Every structure is written in structure tokens, then in C-alpha cells.
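Student: Can you walk me through this structure? Start with the packing, then the domains.

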Amino acid sequence: MSVDDAIRFLPELILILAATLIMVCDPLTSTHRKSTLAVLAFVALLAALAATAYSSTDPGKAFFGMIVVDGFATFFRAIVIVVGLLTVLSSNRFLEREGANSGEFYALLLFSISGQSMMAASNELIILFIGLEISSIASYVMAGFLRDDSRANESALKYFLLGSFASAFLLYGIALVYGVTGATNLSDIGSRMQPDSLLGGVAAALMFVGFGFKISGAPFQMWAPDVYQGAPTPVTAFLSAGPKAAAFAVFVRVFTVAFGNIGDRWEPLIWISALLSMTIGNFAALGQTNVKRMLAYSSIAHAGYVLVAITARSESGVAAVMFYLGAYALMNVGAFTVVGHISRKGERYLRVEDLSGLGVRQPLTAAMFSIFLLSFIGVPLTAGFFGKFYIFKAALQSDLIWLTVLGLLNSAVAAYYYLRVLVVMYMQEPGEAVNEVEPLSPALRLSLICSAAGTLILGIFPSGALHFAVKSAVLK
Amino acid sequence: METVFNHPLFLPVSMIVVIIAVFPLLAGYIVLIERKVLADFQVRLGPMRVGPHGLLQPIADALKLLLKEDIIPADSDKGIFWFAPVISTFTALTAFAVIPFSEKLAVADVNVGVLVIMAMSAVGILGIILGGWSSNSHYPLLGALRSAAQLVSYEVALSFALISGLMVAGTLSMQGIVKAQQDRHIWFIFENYGFMIVPFVVYLISATAETNRAPFDLPEAESELVAGFHTEYSGFRWALYFLAEYANIFVVSSVAVTLFWGGWLRPFPAVAWLEMPLNVGLPVLIFLGSGASSLILVKKLKDPVQQKTLVGAAFLCMGVAVPFLIPAVNAAIIGLFWFLFKVAVFVYIMIWFRGTFPRFRYDQLMNIGWKIMIPIGMASVVVNALLGMLRAS
Amino acid sequence: METFSFYAFAVLVLGGAILTITRRSAVHSAISLIVSLVGVAGLYLLQQAEFLFAVQIVLYIGGIMVLFLFVIMLVNLDEAAKERQFNGQWLIALICATVVGLQVAWFMTKGAGALKLAQVPVAAAQTGAPVSPGNVEAIADVLFSEYLLPFEVASVLLLVAVVGSVVMAKKRI
């Protein structure tokens, strides 16, 4: 292990060490002062962010090609770490409210992020799988962290059982890939994969099952609504952004670098999956009365949009994936944070009607929520607009005309249920739920302002991020 | 005939036959020694009736066990009930395959020998668990659960102790370990500036627990669990469990001897002038002496048949001394002598434990395993690794 | 002899696996799984991977399966056996199984060439590192040089799993 290796692995190292440190400190802190551990986690994440930036100054491979630090890796590392920062900000108050503030939560959060960060930088199927499992196991536990809540338990169990099943498919795919090419390094696989390899196609399909589950793309989306609804809201915010972004990162990297040669085989699969995800997600979200469940279905639909960009199989497609996921992570975490704030102790107020009159009682919260919802729809001047724009542009460049048309129709459908929330917030009398809602705590305020600001900045000045994405989209 | 002797499989096959034929008898005599020694600790006489001083007791016991009715409980899971003792015995005897009795005498020299022994002892646990479960009775089930928990816990500590030893040896092959000690002119117990004594102690304690021996014999604690996992067993199946237990004692002692106490090497393997007194003098002294001393006992016996038997046994014992006087034969068997001698010492120590220590409580057992043995085992791996590097540089 | 051993172990693996999912008693299933794992160990031995053989037995049979049996014995499964099974999707399962079976059969008729397996198992150690004397040494060489990172990171995975199970199982954290 050389110094270069260590520097390129520094963000993960910091996160793992900090998580262990938190575990050690946890028994030494009294029950009321667990917020210190949240501060520790926050600082560690900031340090990891700095390390990510520092390591990107000297890109290259490390540990015998196990991990690779390039623009793509740095971008996704940054996304998952930022998601982690926002989650820490929003979860501290939430956990205190539910009486479950403990060091384990932050330790698991950091472990999960370290796994995702590893996934983002992995250039090898083994390290990819280990990273995925670290991230997943920690998230299973976080989903069921409120153990007295039967819905959280259901959520954790469902997530765990289906997740392990999906991992098994992924592993089966990895085994077949090794059988076909005799390599686990993505670059080696890419160069050895024959374009007419039958078994290679089977392996790609199996791995797609595994990734499809993690990104909650149809037809492997069944778990998402139940899990997202049952999990504690800050965890839901985290689950729908962090693991999803990391899973998309490895998905894109594996399918472009390793399976680039057999692109004709897997393209139809993704095409169908993209269409199904968008349609199922949007139409199912139309009928939901529970905000969390509605956002869960909407996250399935958003996975569908990203799959459209992957179907394009081009560098501009990869750039669009990166930009969209960055925007999506910010607005999604923000939206769920608002929902968690409104829901109050025991998460009682989660119906759409419970938001009525929020615009009167808490104009700032309502304004933020509106920004996120408008961005979900894809209204200009928000990040969501440019995200969708680049995705469909990439799709059109690759002659995916039907998919583009269907995707645009879907966005129109989606506008309906997002706008309904806006109508309820601003055009109805304040109800019982909103009247007693407590003011935003400083941490929550910071978290919301950061996400909202990010959403707006990406929407008004997209060129910086897009430029970086286009530059890093060359995967090899 | 010549081709038969020179066939590469001749030695292994004959070793297998000898081990399977002789070991049950040997186990019987270990039981007799155990009973005699325990009796001596408790100021009793022990078995005295069958043969002079109970010398033929094991044979009588074996016959009795073979002829007893084989009872299978009505509600038991019959297939598993049948098969469980076979697993235990099979694995215990298979472990003998890699034990280096002397430089030439070994069934096989496998390059992962130590791991094979570990694997066999791991599979052997299944015999106990399944036997206890299939009896469909409370005491056996509790005994089986206890033993599973105990064995799994102590196996970790045992492995750590083995790792320390293996690091010094640099090989997993049992013969290779002894040869490494021969090349380095030192028994590994004294290696690393004497620090190897720590893993050895950890090994000894864990091995005692692994073989369900007192003071760790919780799985078959008679005062609370009747007889533990084999409560429902009788006759020959019960005998198989006992055979397995004594085979395991022999195997763990062999591993201790091989890894820490020089295997088939004599003490001070590099000091040439000790060759004569240790390799010839000591065995002759032991066998002649014990033969002669048992002759003294003859007079005290009243029954003439018993007197004649004891005289025969004494002369047999003295006769064993003769081959050690012939240099060619001595060279061939002295390794075996030293190996078995050291193993016998360990078997005696285990009996000694049983006569001395009271049984632990279950929570004490788990505390010792997880909170004392495993940390010490881990620490000794680290320290021995550092010392090893220091020694090598 | 080698062919015979291969088929014997293969029968152990597959027969054990089939029995595992068809036995009604959980303990019988566990025993069948052990048989299957022993078969896998035997196959490792045939490939001259002695270390994997021993580790397979020590870890899977001595560690994991013993704990499985332990848990099965502690839990009262008689009640569960009486419950009606709630997996009512046998038709879909049948269709999936048939499709997979047909795929396998198709690959079989195509022969080994259709699968385009890697001609040489390209182990990392063969790319220039000195050839080690034995199987154990070879594994150690690869594990502690090229695959050092996955090896170390796997311990983080285990740590997370331990922390997670304690968080989920303990009454009060």
C-alpha cells in the first residue's frame, strides 16, 4: 500500500474510522448528549468531502486497479457524502423526538456512506459487491431503527429479505462474468467480453436484476413504497438518495465499461424497464393519499427517467445521469425532510390533507417544499428542468424517439400529483396538523436551505456542474 | 511380495488398519488408566476384579457393551439417532490420518494438515448436536445445545493459539512443523524467547474444553443433565461416543505435542551426546523398570491365575525394552516412542485436571471462553508475530 | 477415478441441495445442506485447492451449519410446520423454472463452445508474481497483495453486520 493508494481511498478511510470512533464514544456519552455524536459524524463527513476533493486532484487507480478515482467517482462520492450531511442535519432532531437518538444510528449512517462511496469508486466486481453489501446492510438496520414501530419493522424486514435476494442475483451475475471472461476487473472484462457472448448477456441480465432492485426500477420496484413509507423519514430521505445514487453509479460504470461490447443485448431490457418505471411510478403516485408513499412512487418514476439516459448508451447520456442524480438527490432529501418535520412525533400526520395551510403557518417551509416539488415536475429555473432536459436530449441523440415521447407524457402526468400538494398547501385553510407544528430547528433550517439553494443554483446556473459531468463522462 | 511392500499405498493402508484395529483397545486402556489414577487421587483402589489390578477390565467392558441391548427411543428420529455416533467416531478417527507418529509413520502428510484436524473436529460437533436432538428428550437436547455453544466458543480461542504456533512453523503440514523444529534445533514451546508458552496454555485450556473434559464437561454434567447428549444411548452406540471422545483427547494431545513439544523429536534434538542416554537409556529404563516393579506386586496377589497373568504382563513389558537395544530397530521406532510418550503425558495431565478441578458453572464457562481466552489468544498472535519478526531480523 | 469422484461429489452437491428444499423437517433440511456443502468441499479437493477444502468444512459445516442447527433446535418449529404455507404463486414459479430449464438445456445442446468460457483461468498471480510452492502460499500471495483491499474491507462488512444485528436484536440499546 503506497501513499497514493491511501490518498485515493482516503474518504472511505475517514468515514470508517469515524464510524468506529462513534461506536467507541457512544457508551461514554450520556443519553441527553447524543447530539455530540451527530456533530462528530457531521465533521467526519465534511472531512470526507474535503478528502474527496483532494484525492480528485490526482486521479488514477489504486490498490491494483481495485478502485479508480476519476471525475465520475468523485462526482458520486460527493453526492453520497452531501446526502449524508443533509441526513445528519435532519435526523438529529427527528431521533430526539422519537426518543431513539443513539450513536449506532450515526455509525451505521457513516458505514453506509463509506460503502456507497466505495461503490462509486470501485473498478472491480468484488469491491463493488462488498461496498454494496456494506451500504445495504447498514440501510436495512436504519430502516428498522425505530424498533417499537411495527411499520418500521415491516419495512426493515421487507427491505432485508428482498435486498438479500437481489444481492444473490447480482452475485450470480458476477460469477457468470468471471466464468466468461476470467476477470473481475471492469476494464479487463470490457476488453475480453466477446460481442456475441451468450453467457455474457445472461450475466448482464442477472446483474441488472441486482442493480434494478437497488435503484428501485420496475419490475423490481415492489419493495420501495412499503419500505419508504415504514422507515423513519430521515432514513427514507437517505435511502431514496444515497444508495440509489451509488447504485446508479456502479450500474452505469459496469454496463458501459464491462458490458459496453454487448450493449445491443441489454439495451432492450433497460428500455422496457425505463418505460415501466416511469409509468408505474407516476400512475401509482396519482392515487396516493400518504405523502411519503406518494414520494416513494415518484422516486420510482425518477429512477425511470435516469434509466432513459442509460438506455441512450452515450457519453452525453452518462453526463445526463450524473447531472440528474445530483439534482435529484438534493431535491429528494429536501422534500422528505419537510415531510419528516410536518409529521410530528410518531409520524402521525402524513396525509396530503395534513399539509393544508402550511403556506400560511410556515411560509418558509412551504416555500422550500414548493421549490422541491416544482423541481420534481421539471419547471424551468429548477434543477429538475435541466436534469430532464439533458436526459431527453441524450435520448433523442441516440434516436430513442418513442421512449422520449413516452417519458415526456409521463412528466405531464406527474405534474398533476405534485401540483395537488401545492394546491393543498397554499389554497386550503390550516388544519389541525399544521396549526401545532413546531418551528424549524436551526439544523433543519440549514439542511432545507442548503438543499433548496442547491436545487435553484443547479437550475439557474447548470453550466458548471454540467461541464464537470460532461468532462467526467468518459468511462474506461 | 516385494512389490507389495514397495507400493506407495502400502504404508498408509497398513497404518490405517493398525490405527482402526488398535485404537479402540488403546482407548479402553486410557479409560482404565483414568479410573486408576482418579481412584488414586481419591485414595481408592479402582477396578481390581477383572485380571490382576483390573488389568483386563477394558476387555470385559468392551464385551459387555457389545452384548448389551441397543435401545432406540420410540419417538426418536431413528435415522439420525443411528447415524450421529457414527459421525463423531468417523471424524475423530479420520483426524488420525494426518498425525505424524514418527518421521516415516503417518498415513498422509497433507500440506494443510492442521486445518484437516480442525475441520474434522468441527464436523465432529455435528455428531453431538444431532445425537442430542434426535433422542427427542429434554436432557440430551440441553446437553447438545450446551456442547454446541461451548465447542463453537472455544474453537475460536483454540484457532488463535494454533495460529501463533503456525506462524512460528511457517507451514500447515504436520510433518513440516516437526521438521521446522528439527531444523531450528528447538521445540516451539521455547521459541520466541519463551513467549510461546502463552498460546500453549490457551491451547491446552481450549483443548480441554473442546474435548468436553472436566472442568469443562458441562454438556454431560451428571448432576444436572443425567449424562448430557448421550443420555438415551446405550450399548454399542454409546461406546462409539466414548471411543470418539478418547480419540479426540488423543488427537488434541498429538497436536499439542506436534506444534509445541517437538513431535517425534527427543529433548535437545541437536545435542549429540544426549543421544545415548535419551534414545536408548530412557525407554529401556521405563519398560524394564515398570516390568520389574510389577513383578514385586505379584507376591501380594492371592489367586494363582492372577499371579500368572501379572507375571506374563511384566515380562511383556520388559520384552518391549529389547528392540530399543538394537541400533537399527531403535532408529526406526525411537520417534514413535517419543511421540507416544509425550502424548501419554498430556493424557495424564487431562486426567489430572479431572481429578483436581471442580466443574465450572455455565456462565463462568462462557466468560472464560469469550472474555479471557479469546482476547489472550488474539494478543498472543500479535505479540508472537512481533517477536517472530524481531527474531528473524 | 477423477471422473468418478467428480460425479460422486456432484451427486452429493445436487442431491443434498434438492433434499434441502424438499424435506419438511428443518433439521433434515439442514443436514441435507451439510451434505451438499461437503460435496462442494470435495469438488475443491478435486481442483487441488486443499486450503479451500479445509476452510469450507471448518467455516460452513463447523461454524455456520452448527449455528443453524443450534437456532433450529432452540426455535419451536413444530408449530410452524402445521401452518399453511402462504406461497401461492406456484404457477409463476413453474413458468420461471421451465424457462430457466429450457435455457440450460439449450446451452447444453450447443455444447461448451456456445458458452464462450475463458480459455485460461487468468489468475492474478500468474501475471508475473513468483510462483508459490503450494496452494496455501498461492492464496496468501494473492490475498495479501492484489486482493488486500477487498480482504480488509470485508472485515468492515462483518463489523457492520455485527453492529446491525445487535441494534436489531437487543432490547434496549
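**Cores and domains**

Student: What does A:Val321 touch?
Tutor: A:Val321 touches A:Phe248, A:Val252, A:Val306, A:Ala309 and A:Ile310, leaving out residues up to four places away in sequence. Contact means C-beta atoms, placed from the backbone, within 7 Å.
Tutor: This is a predicted model; local features need pLDDT of at least 70, side-chain atom pairs count only at pLDDT 80 or more, and totals for chains, interfaces and linings use all residues. Residues are numbered from 1 along each chain as its sequence is written, while chains are lettered from A and ligands numbered from 1 in the order in which they are written.

Student: Which residues touch the most other members of the largest nonpolar core?
Tutor: A:Ala41, A:Leu110, A:Ala309, A:Val321 and A:Tyr324, in a core of 195 residues. Such a core is a set of buried Ala, Val, Leu, Ile, Met, Phe, Trp, Tyr and Cys residues joined through C-beta atoms within 7 Å; buried means 20 or more other C-beta atoms within 10 Å of a residue's own.

Student: Which helix gives the most to this core?
Tutor: Helix H14 of chain A, residues 315–343, with 19 residues. Helices are DSSP runs (H or I, at least four residues), numbered from the N terminus.

Student: New topic. How is chain B divided?
Tutor: Into domain 1 (1–67) and domain 2 (71–265 + 359–393); the bounds come from an automatic or database domain assignment. Their centres, over C-alpha atoms, are 21 Å apart.

Student: How many residues make the contact?
Tutor: Twelve from domain 1 of chain B and eleven from domain 2 of chain B. H2(B) gives the most to the domain 1 side, with ten residues.

Technical notes: Buried ≥ 20, exposed ≤ 12 C-beta atoms within 10 Å, placed from the backbone. Helix = DSSP H or I, 4+ residues; strand = E, 2+ residues; numbered from the N terminus. Contact = placed C-beta atoms within 7 Å.
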